[in-house]
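Here is a short briefing on one protein model. Look over the sequence and the structure first, then read the points below.

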Amino acid sequence: MARSQRRRGSRGRRASRERRQDGSAQEVTEGGASAVAAVTTPRVQPRRGRRWNPLGFLKRFQPRGVADVISELRKVTWPTFAETRYLTIVVAIVAIIVGVILGLFDLLFGWIIEQIFFT
C-alpha cells in the first residue's frame, strides 16, 4: 500500500471499510502501477442444525492431555479387519507355543528337583 493510503483520515478508512463489506473490487496503486485487488469478507452463515449438548459444560474441565491424546489418535493409520484378524491369530499361536515350551521346562525342572531331593 502506498503511504498516502495509510495516512488518510477516518473518513477514508470508513469508506474503504464499507467497500470491503460490499465485497467490491478495490483499486490499489503501488509504485505507479495500477492493479485491481478483490477484497472480500466472508459472510457469516446462520448456524443450522446445532443441537444442544447437555454435557457440553464438561469441555471446560477436560484436561489438555486428553485433547492431545484424541488429536494423536485421529492421526493413527488403523489396520483393516483382515489385518487385525491375521495378527490376532499369529499372537494366539505364538502364545500357545511359548506356553507349551514353558510348561515343558517346568516339568523338566520339577522332575530334576524330585530326583535330586526326594529319591
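Is E72 buried, partly exposed or exposed? E72 is partly exposed, with a relative accessible area of 45%. Keep in mind that this is a predicted model.

**Salt bridge**
- A search of the whole structure turns up one salt bridge.
- E72 and K75 form it through their side chains, at 3.3 Å from N to O.
- That pair qualifies because the cut-off is a Lys or Arg side-chain nitrogen within 4 Å of a carboxyl oxygen of Asp or Glu.
- K75 counts as exposed, at 59% relative accessibility.
- Side chains of opposite charge can pair when their charged atoms come close.

**Aromatic pair**
- The partners are F105 and F109, with ring centres 6.2 Å apart and planes at 15°, so the pair is stacked.
- Planes under 30 degrees apart count as stacked.
- Both residues sit in helix α4, which covers residues 81-117.
- F105 and F109 are four residues apart, so about one helical turn separates them.
- F105 is partly exposed, with a relative accessible area of 45%.

**Fold and surface**
- The protein has four helices and two strands.
- Along the sequence, the order is α-α-β-β-α-α.
- The protein has 119 residues, and 3% of them count as buried.

**Confidence**
- The average pLDDT of the protein is 76.
- A score of at least 70 is reached by 58% of the residues.
- Among the elements, α4 has the highest mean pLDDT, at 97.
- Helix α2 (residues 10-22) has the lowest, at 52.
- Where pLDDT is low, the predicted coordinates should not be read in detail.

Notes:
Residues are numbered from 1 along each chain as its sequence is written. This is a predicted model: local features need pLDDT of at least 70, side-chain atom pairs count only at pLDDT 80 or more; totals for chains, interfaces and linings use all residues. Side-chain values use heavy atoms; hydrogens and water are left out. Buried means under 20% relative accessible area, exposed over 50%, partly exposed in between (1.4 Å probe, protein chains only). Rings of Phe, Tyr and Trp (its six-membered ring) pair if their centres lie within 6.5 Å; planes under 30 degrees apart count as stacked, over 60 as edge-to-face and the rest as tilted. pLDDT is the predictor's confidence in each residue, from 0 to 100.
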